[in-house]
Amino acid sequence: MATRIVLASQKGGVGKTTVALNLAVAWAERGKRVLLVDLDPQGAVGLSLGRDEMALSGIAEALMNKEGLDDVLVQTKLPNLWLLPRGRLDPCDVTEYEKVMHVDGVLNELLSDIGSRFDYILLDTPSGLGMITRAAFHVGDYVLVPFQAETLALRSMSQLLRVVEHVREGENTSLSLIGILPTMVELSKAPSLDVMGTVWSGFGGVLDTMIPRAAAFAEASQLGIPVGFVAGKRPPEARRFDMLVTELENRIGEASTGGEDEQPQRELL
């Protein structure tokens, strides 16, 4: 079955969907079968790819039994990468959509039907700690937290970590924090550097990989493509996601073997 990674953030505007999309691309380019699921009622993944909010069928249609799940999976032009869009959801129906998604077992059933086809399922959630994010926590194996290197994001970080721990203790004991990913980092500027200093010293699980604030992301967003798909020389920002894949795979490997502190008995002579 696929490893399920939930991308979650307490604060909006941290680059969560950008991370989800480019991470999915990086894993697929390594030959892993990846499904990127758009759980955001705003349809953030589709919008990031330049699609009109009503352009793609997806989860909404599958939940209402208007279309089968296989019919709404989108095979991208990149081998090994599929999308499960939000679907054609009227903004006036978002509250009902959230209620349905929060019903125990609904999301798990949806993913279980297709989980054997993929190595990784990335769940892009809406910002905040509402019903859809909690539903994703219930079915996830890991939580990846994109963290904007700014003061307001720092102040709300503990709220998200508290909810992850609460879910792990009583609702999904398989859930664990795979890492905090600093985004929009500007180490040349004092405010960003000060925030990173606080994060490094005050929180466990901060990843070594950082995603910088860079014009390349704005250009890719304007074109509706991942950052590594922009014409020309491969940008260094795309290589950041290659690094992220390596780091996450290492952490998943450590978790599956009990951690790097455990080892079998050995003999020297």
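The numbered points below begin with the basis of the model and then turn to its contacts.

1. The model is predicted, so local features need pLDDT of at least 70 and side-chain atom pairs count only at pLDDT 80 or more, whereas totals for chains, interfaces and linings use all residues. Residues are numbered from 1 along each chain as its sequence is written, and side-chain values use heavy atoms, with hydrogens and water left out.

2. Across the whole structure, a search finds twelve salt bridges, a salt bridge being a side-chain nitrogen of Lys or Arg within 4 Å of a carboxyl oxygen of Asp or Glu. One of them joins the side chains of Arg213 and Glu150, at 2.8 Å from N to O. This pair links distant parts of the chain, 63 residues apart: Arg213 lies in the loop between helix H9 (190-202) and helix H10 (215-223), and Glu150 in the loop between strand S6 (142-148) and helix H8 (151-170). Helices (H or I, at least four residues) and strands (E, at least two) are DSSP runs, numbered from the N terminus.

3. Arg213 counts as partly exposed at 40% relative accessibility, and Glu150 is likewise partly exposed, at 34%. Here buried means under 20% relative accessible area, exposed means over 50%, and partly exposed lies in between (1.4 Å probe, protein chains only).

4. Glu186 and Lys189 form a salt bridge whose closest N and O atoms are 3.4 Å apart. Glu186 is partly exposed at 22% relative accessibility, as is Lys189 at 45%. A network of salt bridges links Glu150, Glu186, Lys189 and Arg213.

5. Within helix H8, Arg168 and Glu165 are three residues apart and therefore separated by about one helical turn. Their side chains meet in a salt bridge of 2.8 Å, N to O. Arg168 is partly exposed at 33% relative accessibility, and Glu165 is partly exposed at 30%.

6. The axes of helix H5 (residues 94-102) and helix H7 (residues 131-139) come within 8 Å and cross at roughly 20°, where axes are lines fitted to C-alpha atoms, for helices over the stretch in contact, and angles run from 0 to 180 degrees between N-to-C directions. That makes H5 roughly parallel to H7, a description used for angles under 35 degrees.

7. Which residues of H5 and H7 make the contact? Tyr97, Glu98, Lys99, Met101 and His102 of H5 meet Met131, Ile132, Arg134 and Ala135 of H7, contact meaning heavy atoms within 4.5 Å.

Conventions
Parallel < 35°, antiparallel > 145°, perpendicular 65-115°, else oblique.
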